[in-house]
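Open the model in your viewer and keep the selection tool at hand. We will go stop by stop.

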Amino acid sequence: MPFINDYIDVQNKIKTDITQSQLIFEETLRRSGLANTTPQIQYSNIYQILSARDSVHADIINAGLTEDVKVTGAVTELICKIALDAAAPNRYDKLPKTWDWIGDYAIMGSPFNLFISVKSYKAKERLIVSGTGQNAAPVIGFGLFDDPKEWSPDRVKQYKQRGFIAIYMPQTLYNTLDAMIPTTAGLPPRLVRRYSPANGYPATNIKNVYDKPLLRKLEDFSNDIANVCLPNSYTLDLSRY
C-alpha cells in the first residue's frame, strides 16, 4: 500500500519532505474525494473527511504501526484549519508554542481576540485548563470528542466559567448528550447524580454568556466563525455567538 510505505519511510526519517501529520492529512483528503476542492466545500462535507480519517488510522493500526498522540493532535488541528480557511482566511493565525497553553489558533479582532483550542478524541483536563477564565479572552473548543462521560451538565458549566463561549463536537456525541437524562439506560450512578435537577439537563441546554448554546455540532463551526467576523473590518461581534 503506497500510503503505508510512505508512512513507514516518514517514521524512519527516510522520507523527510513531509511530516507524519501532513501525510495523514493529505491521505485523508484524498480518500474523502475532496482534495482538489475549496475549503468551503471540504468543511461542508466534514463527516466525509472524518470517515476517511478513521479509514487512514485503521490502516496504520492494521499494518502493525503506531500513531503518536501528538501526530493525532496535529492532524485534528489541520482539520480545524479547513474551517478557518473557509470562514476567516485573512483573520486567523496559528499561536506560537509559547501560547499553546491557551489554544492553537487565534482570530484577531476588536474588542477581543478569539482563541481556539483544538483537541482530538478526549477532552480530559487538557481542554478545560486551556480556558483563560475571563470573558475578555474568550475561547472556543474544537474536537472530535467521543466520550459522553466527559460532558455531564455540571462539567459543561465549568467550561463556561473558564471563558469558553462554544465547544464543537461530532453530531453523534451531541445527539447522545441531547437525549441524556437521569433515567437514560446504562447511565452510571456517578453520572445519574450529576444529572440532578439542580445541575440541569441535558447538557446541550446550557447557554454561554450571550445566552446561546455552549455545546454545538462540528458542522456549524465554520458558519459560526464567519458570522462573528464582520466584513471589511477587524471587529468581532461575539454577541452573535
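The tour visits a helix, then a sheet, then a pair of cysteines. Keep in mind that this is a predicted model.

**Stop 1: helix α4**

Select residues 46-62. This is helix α4, with 17 residues. From its first C-alpha to its last it reaches 24 Å, close to the 24 Å expected at 1.5 Å a residue.

Now colour the buried residues of α4: I46, I49, L50, A52, R53, V56 and I60. Where do they sit around the axis? They cover an arc of only 160°, which puts them on the same side of α4. An α-helix has 3.6 residues a turn, so residues three or four places apart point the same way.

Next, show what these buried residues pack against. Select α1 (2-11), α2 (20-32), α3 (39-44) and α5 (69-87). The buried residues of α4 pack against these four helices.

Before you leave, click on G64, which follows α4. Its phi is positive, near 80°.

**Stop 2: the sheet**

Switch to a cartoon view and find the strands. Six of them form an open sheet, in the order β1-β2-β3-β4-β5-β6. The pairing is mixed.

Which strands stand at the edges? Select β1 (92-94) and β6 (215-217). Each has a single partner strand, so one side of each is left without a neighbour in the sheet.

For one example, pick D93: its bridge partner in β2 is A106.

Now move to the other end of the order and select helix α8, residues 171-178. Helix α8 lies across β5 (164-169) and β6. It runs at about 135° to β6.

**Stop 3: two cysteines**

How many disulfides does the model have? The count is zero. A disulfide is a covalent bond between the sulfur atoms of two cysteines. To count here, the two sulfur atoms must be within 2.5 Å.

C80 is in no disulfide, and its nearest cysteine sulfur, that of C229, is 13 Å away. Seen from C229, the closest cysteine sulfur is in C80, and 13 Å is too far for a bond.

Are these two cysteines buried or exposed? C80 is buried, with a relative accessible area of 0%. C229 is buried as well, at 11%.

Terms used: Residues numbered from 1 in each chain as written. Predicted model: local features only at pLDDT ≥ 70, side-chain atom pairs only at ≥ 80, totals over all residues. Heavy atoms only, no water. Helix = DSSP H or I, 4+ residues; strand = E, 2+ residues; numbered from the N terminus. Expected span 1.5 Å × (residues − 1). Buried < 20%, exposed > 50% of the residue type's maximum accessible area, 1.4 Å probe, protein only. Arc of directions from axis to C-beta. Contact = heavy atoms within 4.5 Å. Pairing = 2+ DSSP bridges. Axes fitted to C-alpha atoms, helices over the stretch in contact; angles between N-to-C directions.
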